[in-house]
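Open the model in your viewer and keep the selection tool at hand. This tour goes stop by stop.

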Amino acid sequence: MVTCTGCALLCDDIEVIVEAGRIKETKNTCLRGAGRIKGCVNRLVPSIGEQRVDVGNCIEKAAEILKNAESPMLFGFDNSTSGAQVKAVQLANKLDAIIDDTSSFCQGIMVEKVLRQEFRTCSLDDIRNKADVIIYWGSDAQDSQPRHLSRFSYFPRGEERQRGYEEDRTAIAIDVRESNTAKICKGHFYRIPLKGDRRFILALMDALSGRVPKFDGYDVQKILELSGILKKAKFGAIFAGIGLTYSIKDDAGILADLGRMLPNFHIMPMIGHYNMRGFNENLFRETGFVNSVKFGSEPVHDNRYSIAETLREKSIDVLLVAGSDPLLSLPRSIAKSLAGMQVVCIDPCVTLTSKISAVNIPAAVSGVECGGTAVRMDGKKVELSACVESGFLGDEEILGRIMEAV
Amino acid sequence: MPTVMELYQLLPKTNCKKCGESTCMAFAVELLSRKKKIQDCTPILEDKFKNQREKLESLLLPSEGAGETGMIVHTELCTGCGNCVVACPVDVANDPGGAAIGCAPTNDKVIFKVVDGKVIASNIRECRRFGKNRVLCYACIDPCPTGAIEFV
Ligand code: SF4
Ligand code: SF4
Ligand code: SF4
Ligand code: SF4
């Protein structure tokens with residue numbers, strides 16, 4: 001059995017058929033996972049500037065660039081093993097560098113609340129075994145974590161849910177659009193206006209405490225009906241998606257407030273990248289913060305140290321990126337300042353960022369070409385194993401060798 | 001999937017009974033359920049019906065992949081999410097320790113499996129829609145977010 005690293009569900013029931021050192025067929029992965037396991041067409045080649053060179057030279061050059069940098073930053077690692085993440089944090093510490101990952105512009109604040117125990121949470125296995133009411137809020141799991149509903153939340157039979165989803169479970173979607181996930185939640189889809197999450201939470205809290213909810217232009221009956229379902233739930237889960245997080249990010253505590261009114265409910269942030277939670281946990285353990293940290297005499301956390309801000313303010317001169325493509329994922333207005341700095345790119349594949357990088361270091365695909373561990377979206381530690389031998393170094397080894405050389 | 005009306009509109013509408021059915025409408029119903037073929041209506045093979053015949057053929061084409069049970073998996077729509085694997089009552093009954101609890105199927109008695117991110121159906125004769133105690137089961141159609149499973 002192999003573990004899929006296509007998303008933070010880390011499905012560990014995957015079979016692969018290997019032929020002549022290549023993956024020929026995958027069994028049980030969703031389409032997204034099959035793509036991840038089969039790998040990219042364009043492998044990154046080791047290079048300095050335009051010049052193709054030996055990987056060893058790339059590593060030395062990367063170390064030299066980082067050593068001479070005035071304000072270096074390390075970014076990414078959400079598609080790296082936990083071992084590589086620990087190395088990245090150590091390297092940032094050694095260089096007095098800034099370190100950040102994609103969670104600073106997605107689910108970081110939610111994961112932080114989980115780690116600080118501001119949310120009551122539970123494991124995905126608890127959900128499979130016990131949950132009778134599940135809510136996808138601003139999350140299209142069907143698209144981002146395709147096996148979420150079939151492996152854990154809605155369709156499977158569980159210890160206390162033996163009668164099948166139609167009788168034993170209620171799936172609810174709250175979203176601004178009818179996503180594929182909402183389509184499955186058919187009778188229980190609550191469409192809310194854009195940025196309406198906060199007002200919807202307040203209205204729901206009113207309904208839960210027996211007051212008449214106020215929500216302009218919304219059918220009050222529907223909110224009362226929802227509150228009735230939630231009150232009756234024996235074991236509930238709210239899957240907080242990126243849509244919800246974006247919408248309430250200035251006051252994410254309101255979700256914790258809602259959680260307090262629903263003692264049988266558990267909150268779980270939906271995570272995309274397979275080991276984003278691992279990054280958050282590893283950095284949290286070391287510094288008490290989940291992202292956007294600058295090392296120095298002591299680690300400091302500030303939004304200024306998030307990738308979006310450092311690029312906007314052009315406050316860094318060197319960026320090491322591993323397993324991420326900021327040029328693709330950040331708005332162009334910000335990402336364009338990447339062109340004015342020295343970038344070191346560690347990735348299995350050619351990316352937009354690798355095309356403008358000073359140094360490119362090809363890496364093994366974790367979970368396929370190298371093993372390690374990762375943290376599932378619910379905090380469970382999962383083993384990754386290698387199933388093909390490629391000769392590429394893993395992120396952990398690359399970062400370790402850079403660290404030795406700086 | 002075309003409707004009976006759509007098929008009927010393209011037939012000669014003479015109720016000549018050469019197809020063995022009493023009306024063109026009855027023939028359209030049989031066509032839709034794949035019990036009769038277009039060629040069974042000999043009049044439509046005449047040249048003057050060429051356009052209509054071609055339309056009929058193209059309407060009925062997407063279902064060509066259906067086996068005797070009439071199930072079609074539109075592979076191009078499937079995302080491999082596994083909802084059908086876990087929801088199908090046959091899979092639940094035949095693999096209580098695997099598919100039924102959301103895991104990968106552990107034996108070959110299940111109807112649905114996912115290979116290379118796409119669902120593959122086998123053992124279709126076990127499907128609850130067939131056999132003498134048949135029921136109109138929707139447990140693989142309803143959970144599919146993309147409409148990839150269809151019975152014709
Ligand atoms: S749901 Fe995620 S981890 Fe599971 S097979 Fe799909 S991509 Fe891989
Ligand atoms: S043979 Fe064709 S035209 Fe005649 S009744 Fe049947 S369908 Fe109609
Ligand atoms: S119709 Fe029902 S029994 Fe037949 S394959 Fe679909 S889910 Fe299974
Ligand atoms: S439910 Fe639909 S999309 Fe999901 S695996 Fe089955 S056929 Fe494919």
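A polar contact is a pair of N or O atoms within 3.5 Å; within protein, one must be able to donate a hydrogen and the other to accept it, and residues adjacent in sequence count only if both atoms are side-chain atoms. This is a predicted model, so local features need pLDDT of at least 70 and side-chain atom pairs pLDDT 80 or more, while totals for chains, interfaces and linings use all residues. Residues are numbered from 1 along each chain as its sequence is written, chains are lettered from A and ligands numbered from 1 in the order in which they are written, and side-chain values use heavy atoms, without hydrogens and water.

**Stop 1: the two domains of chain A**

Color domain 1 (43-106 + 274-387 + 394-405) and domain 2 (108-269) of chain A. The bounds come from an automatic or database domain assignment. Their C-alpha centres lie 33 Å apart. Domain 1 brings 16 residues to the contact and domain 2 brings 18, where contact means heavy atoms within 4.5 Å. Between these domains of chain A, 6 residue pairs are in polar contact (both at pLDDT 80 or more).

Now select A:Asp125 and A:Arg376. Their side chains form a salt bridge at 2.7 Å, N to O. The term means a side-chain nitrogen of Lys or Arg within 4 Å of a carboxyl oxygen of Asp or Glu. The two domains of chain A bury about 1300 Å² between them, with 63% from carbon and sulfur atoms. Buried area is the accessible area (1.4 Å probe) that two parts lose on being put together, summed over both.

**Stop 2: where chain A meets chain B**

Show both chains. Chain A gives 26 residues to the contact and chain B gives 25. About 1900 Å² is buried between chain A and chain B, 52% of it from carbon and sulfur atoms. Select A:Leu31, A:Phe155 and A:Arg157: they supply 26% of the area that chain A buries here, more than any other three residues.

How many salt bridges join chain A and chain B? The count is 1. Find it at A:Lys38 and B:Asp116, 3.0 Å from N to O.

**Stop 3: ligand 4**

Center on ligand 4. Residues around this ligand include B:Cys78, B:Cys81, B:Cys84 and B:Cys144. A residue is near a molecule if one of its heavy atoms lies within 4 Å of it. The shell of ligand 4 has 7 nonpolar, 5 polar and no charged residues. Here Ala, Val, Leu, Ile, Met, Phe, Trp, Tyr, Cys and Pro count as nonpolar, Asp, Glu, Lys and Arg as charged, and the others, Gly among them, as polar.
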